[in-house]
Amino acid sequence: MDFAFLAQTMLTLLEALPTTLALFFLSIAIGGVLAILIVWMRVGGNPVFTAIAKGYIFVFRGSPLLIQMFLIFYGLAQFGFIRYGPLWPLLREPFVCAVLSLALCTAGYTAEIFRGGIRAVSPREIEAARSVGMSGFLLMRRVLAPIAFRHALPAYSTEIVLMMKSTALASLVTVWEVTGVAQRLISHTYRTMEVFLCAAAIYLILNFIILQALGLLEYHLSRHRRAVPAALKA
Amino acid sequence: MATLQLIGFGSTGWGALLLLGALMTLCVTAVALAIGAVFGAIVASAKLSGNLILKTLGNVYTTVFRGVPELLIIYLIYFGGSSAITSIGKSFGYEGFLGMPSFAAGALAVGIISGAYQAEVFRGAYLAVSKGELEAASAIGMHGALRFRRIIMPQVLRFAIPGMGNVWQLSLKDSALISVTGLAELMRTSQVAAGSTRQYFLFFVVGGALYLILTSLSDRVFNGAERRANRSMPSAMGQA
């Protein structure tokens with residue numbers, strides 16, 4: 001074991017951590033907003049919107065993320081109206097392409113998770129809210145969304161961890177995040193196993209932190225389900 | 001028309017190669033799933049056993065292989081396997097680099113990953129077998145292997161079908177990452193076709209569509225299997 005080399009590798013890889021985290025947070029945030037839009041279309045009752053949402057979910061869940069990423073990174077440049085269009089300065093950046101494809105992909109999965117959460121809201125709770133005069137946005141904000149989010153949180157945690165792992169694919173479209181930098185290090189040092197194991201450790205630690213944080217959030221949100229301490233009863 | 005020619009089956013078309021790639025994707029996923037079933041069964045039984053050390057080892061396996069990016073695991077197995085083979089080659093007097101076959105490396109990597117997911121599927125399915133039936137089997141004198149073969153195994157398989165369907169879909173999509181080792185599966189073939197014709201958009205759309213066909217067909221197969229496995233169950237259980 002060459003600890004000096006491992007420490008040096010770790011330091012170099014950690015320099016790429018901000019890029020990985022930026023990919024992760026941006027795609028989760030954009031994907032989340034998109035997912036809410038898709039769920040709204042999916043459950044709204046308008047048959048055209050429902051069909052579009054279903055098609056979207058089918059396409060983005062049914063094909064590998066890598067092919068979606070390559071389609072955006074290599075495929076879009078083929079069209080003149082994109083290549084010479086106003087968005088080209090953005091779309092020619094590998095980072096933007098990676099975030100775009102990660103967000104579009106996670107939106108499909110997240111939409112299904114959120115839909116499951118909404119279905120788990122009891123109709124009685126909605127009736128109760130309506131009976132005290134809540135409707136529309138207020139009903140959604142105070143009753144539907146919090147309960148649905150709480151139900152969806154365990155499945156959503158899994159999706160978030162999957163997203164953290166998916167950011168590694170950005171290395172294949174030349175984004176220098178942790179995996180990409182690991183590859184570059186290997187091409188200089190030829191010490192494949194050590195460098196990849198360091199990278200793997202970074203992802204493991206990140207995912208551990210994410211799962212702990214989400215576990216805390218879940219604990220915090222389920223206060224009403226925990227047993228009341230004996231001292232507070234009656 | 002040029003487009004049709006490119007994805008067609010003529011001498012300048014990539015159709016046959018793409019279909020071959022799709023077949024390779026199916027093959028490597030099926031082998032990976034079989035490898036993963038072995039790993040999954042071992043890990044599940046380790047996690048279910050009362051032994052604390054085995055349980056911890058099982059937890060470490062599922063945590064590590066569900067927490068590290070698939071791409072890194074494929075790299076680690078491909079390069080790790082290659083350097084192992086190279087050093088074995090050296091001990092037999094062969095100088096130089098020996099690569100691990102990309103099919104074997106890819107199937108092993110995706111298999112190890114799917115094993116982590118399958119372990120959870122098997123564990124859940126085992127826990128779903130009613131305790132009463134196990135007691136009844138013991139009461140009429142069934143032991144160990146017989147009880148496993150007649151009572152546990154058939155029910156675990158039935159309960160595991162939906163979860164296995166999910167693992168299959170995951171592995172099918174993970175198998176696209178094996179393209180980084182150069183295996184000519186669907187992803188790699190689309191990439192080569194896109195690069196050599198400069199028709200990136202076309203070939204990635206066609207490749208993606210083939211993946212969609214594979215995933216939706218396998219969805220149907222698993223739904224059918226689920227129906228068949230539950231054919232003796234009352235439909236009132238929501239399993240009609």
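Visitor: What makes up residues 64–85 of chain B, helix or strand, and how far apart are the end C-alpha atoms?

Guide: Please keep in mind that this is a predicted model. Over residues 64–85 of chain B the chain is 91% helix and 0% strand, and 24 Å separates the end C-alpha atoms. This span is among those that UniProt, in an unreviewed entry, lists as "transmembrane region" in chain B, and the others are 12–44, 97–117 and 200–222. Residues 12–44 of chain B are likewise 91% helix and 0% strand, with end C-alpha atoms lying 50 Å apart.

Visitor: Which residues of chain A and of chain B carry the name "domain: ABC transmembrane type-1"?

Guide: The name comes from UniProt, where an unreviewed entry places the feature at residues 13–215 of chain A, and where an unreviewed entry lists residues 22–222 for chain B. In the model, the chain A span is 82% helix and 0% strand, and its end C-alpha atoms are 27 Å apart. The chain B span is 83% helix and 0% strand, with 19 Å between its end C-alpha atoms.

Visitor: Why are A:C97 and A:C198 called buried?

Guide: The word buried applies under 20% relative accessible area. A:C97 has 1% relative accessibility and therefore counts as buried, and A:C198, with a relative accessible area of 9%, is buried because that value also falls under the cut-off.

Visitor: Why is A:T174 called partly exposed, and where is A:T174 found?

Guide: Buried means under 20% and exposed means over 50%, so A:T174, at 47% relative accessibility, counts as partly exposed. A:T174 is found in the loop between helix 9 and helix 10 (178–189) of chain A. Leaving aside residues up to four places away in sequence, A:T174 touches A:F73 and A:P94. A:T174 and A:F95 are 79 residues apart in sequence, while their C-alpha atoms are 8.3 Å apart in space.

Visitor: How many residues line the second largest pocket, and how do they divide into nonpolar, polar and charged?

Guide: The lining has 13 residues, with A:I36, A:V39, A:I118, A:M140 and A:A145 nearest the centre of the pocket. Helix 2 (17–43), helix 7 (94–119) and helix 9 (136–166) of chain A each give two or more residues to this lining. The largest share, seven residues, comes from helix 9 of chain A. The lining divides into 12 nonpolar residues, one polar and no charged, around a space of about 480 Å³.

Visitor: What makes the largest cavity a cavity, and which residues line it?

Guide: A cavity is a set of points where a 1.4 Å probe fits but cannot get out, whereas a pocket is open. The structure holds one cavity of 30 Å³ or more, and the largest cavity has a volume of about 40 Å³. Its lining consists of B:E70, B:I113, B:S114, B:Y117, B:V167, B:L170, B:S171 and B:D174. Helix 7 of chain B gives the largest share, four residues, and the lining divides into four nonpolar, two polar and two charged residues.

Conventions
Residues are numbered from 1 along each chain as its sequence is written. Chains are lettered from A and ligands numbered from 1 in the order in which they are written. This is a predicted model: local features need pLDDT of at least 70, side-chain atom pairs count only at pLDDT 80 or more; totals for chains, interfaces and linings use all residues. Side-chain values use heavy atoms; hydrogens and water are left out. On a 1 Å grid over the protein atoms alone, a cavity is a set of points where a 1.4 Å probe fits but cannot get out, and a pocket is an open set with protein on both sides within 12 Å along at least five of seven lines; lining residues have an atom within 4 Å of a point. Grid points are joined across faces, edges and corners, and a volume is the space filled by probe spheres set on the points. Ala, Val, Leu, Ile, Met, Phe, Trp, Tyr, Cys and Pro count as nonpolar, Asp, Glu, Lys and Arg as charged, and the others, Gly among them, as polar. Buried means under 20% relative accessible area, exposed over 50%, partly exposed in between (1.4 Å probe, protein chains only). UniProt positions are given in the numbering used here, feature names are shortened, and annotations may be inferred rather than shown by experiment. Contact means heavy atoms within 4.5 Å.
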